[in-house]
Amino acid sequence: IGHEETPGQPGFTGVSVRDRLAAQGYHDATASEVATAFSSGTDGVRSLWVLPYHRLGMMHPHAVVAGWGHADIDGRAATVGVIVYDFAAAAPEKVRSPAPGQRVAGSWHGEEFPDVLPAGAARPVGYPVMVVYASAKPVELRSARLLDASGRELAHHVVPQLYERDYVAIVPAGPLAAGV
């Protein structure tokens, strides 16, 4: 599992994601790759979606092509996804997750590499909330409020912008009530 393949190994298609995309005719593509190990491809994708830095690429407004592969080899499972972006294509101004009306888990274990939570943060936490903006528009989160169903403000952590600057994300500091 990982982001590089080894020449000569079964299934080799290119060392890096860029090599693999070039082999498919995407010579100058902007792309993201996510990888995980689960017993099924669906579980692998679900495990990646809850992770803010991994979800970032999957929900980007300029994603135009996505390819997924799952393999079980010698008792090991791997799910890999590659997402290609076209920044010249029309796209919604922003994509948010959870989407309006979407039901998600109330809690998350808070484990991702790199870590999205501050050192020493208690875990589990609530489900991460994200917004990704189109056209590589740089954004800065100046303030955020997270309210429960009764209007009470809940503590949250701000996810650092380690990669692009076209997204903002917060993580509730504690699990949220189910179905709210």
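**Entry 1: burial and overall build**

I started with burial, and 34% of the 180 residues of the protein count as buried. For me, buried means under 20% relative accessible area, exposed means over 50%, and partly exposed is in between, with a 1.4 Å probe and protein chains only. I note that this is a predicted model, where local features need pLDDT of at least 70, side-chain atom pairs count only at pLDDT 80 or more, and totals for chains, interfaces and linings use all residues. Residues are numbered from 1 along each chain as its sequence is written, and side-chain values use heavy atoms, with hydrogens and water left out.

Next I looked up the elements: the protein has three helices and nine strands. From the N terminus on, I read them as α-β-α-α-β-β-β-β-β-β-β-β. Helices (H or I, at least four residues) and strands (E, at least two) are DSSP runs, numbered from the N terminus.

How compact is the protein for its length? I found a radius of gyration of 18 Å, close to the 16 Å that the globule rule gives for 180 residues, so the protein is as compact as a globular protein of that length. The radius is taken over C-alpha atoms, and the globule rule is 2.2 Å times the number of residues to the power 0.38. Along the principal axes, the C-alpha atoms fill a box of roughly 55 × 40 × 30 Å.

I also checked the surface: the protein exposes about 10500 Å², and carbon and sulfur atoms supply 54% of that area. Accessible areas come from the Shrake-Rupley method with a 1.4 Å probe; for residues, only the protein chains shown count as cover.

Then I turned to contacts, meaning heavy atoms within 4.5 Å. Of the contacts with a separation of 6 or more, 62% are between residues 24 or more positions apart.

**Entry 2: helix 2**

Which residues of helix 2 (residues 41-49) are buried? I noted Gly44, Ser47 and Leu48. Seen down the axis of helix 2, the buried residues fall within an arc of 95 degrees, so they line one face of the helix. The arc is that of the directions from the helix axis to the C-beta atoms. A reminder to myself: an α-helix has 3.6 residues a turn, so residues three or four places apart point the same way.

What covers these buried residues? The cover includes strand 1 (30-36), helix 3 (52-58), strand 2 (63-73) and strand 3 (76-85).

**Entry 3: His54**

I moved on to His54, which is found in helix 3. At 16% relative accessibility, His54 counts as buried. Leaving out residues up to four places away in sequence, I saw that His54 touches Val34, Leu48, Glu112 and Phe113. With Glu112 there is also a polar contact of 2.7 Å between the side chains. A polar contact is a pair of N or O atoms within 3.5 Å; within protein, one must be able to donate a hydrogen and the other to accept it, and residues adjacent in sequence count only if both atoms are side-chain atoms.

**Entry 4: aromatic pairs**

Rings of Phe, Tyr and Trp (its six-membered ring) pair if their centres lie within 6.5 Å; planes under 30 degrees apart count as stacked, over 60 as edge-to-face and the rest as tilted. By this rule I count two aromatic pairs.

The rings of Tyr53 and Tyr163 have their centres 5.3 Å apart and their planes at 85 degrees, so this pair is edge-to-face. The pair links distant parts of the chain, 110 residues apart: Tyr53 is in helix 3, and Tyr163 is in the loop between strand 8 (156-158) and strand 9 (167-172). Tyr53 is buried at 8% relative accessibility, whereas Tyr163 is partly exposed at 45%.

Tyr85 and Phe87 form a tilted pair, 6.3 Å centre to centre with 40 degrees between the planes. Here I read Tyr85 as buried, at 10% relative accessibility, and Phe87 as partly exposed, at 35%.

**Entry 5: backbone details**

Where is Pro114? I found Pro114 in the loop between strand 4 (94-97) and strand 5 (129-133). The peptide bond from Phe113 to Pro114 is cis, with omega near -5 degrees. Pro124 lies in the loop between strand 4 and strand 5, and a cis peptide bond with omega of about 5 degrees joins Arg123 to Pro124.

Last, I visited the loop between strand 5 and strand 6 (146-147), where Ser135 lies. Ser135 is not a glycine, yet has a positive phi of about 60 degrees. At 55% relative accessibility, Ser135 counts as exposed. Ala136 lies in the loop between strand 5 and strand 6, and has a positive phi of about 55 degrees although it is not a glycine. Ala136 counts as partly exposed, at 45% relative accessibility.
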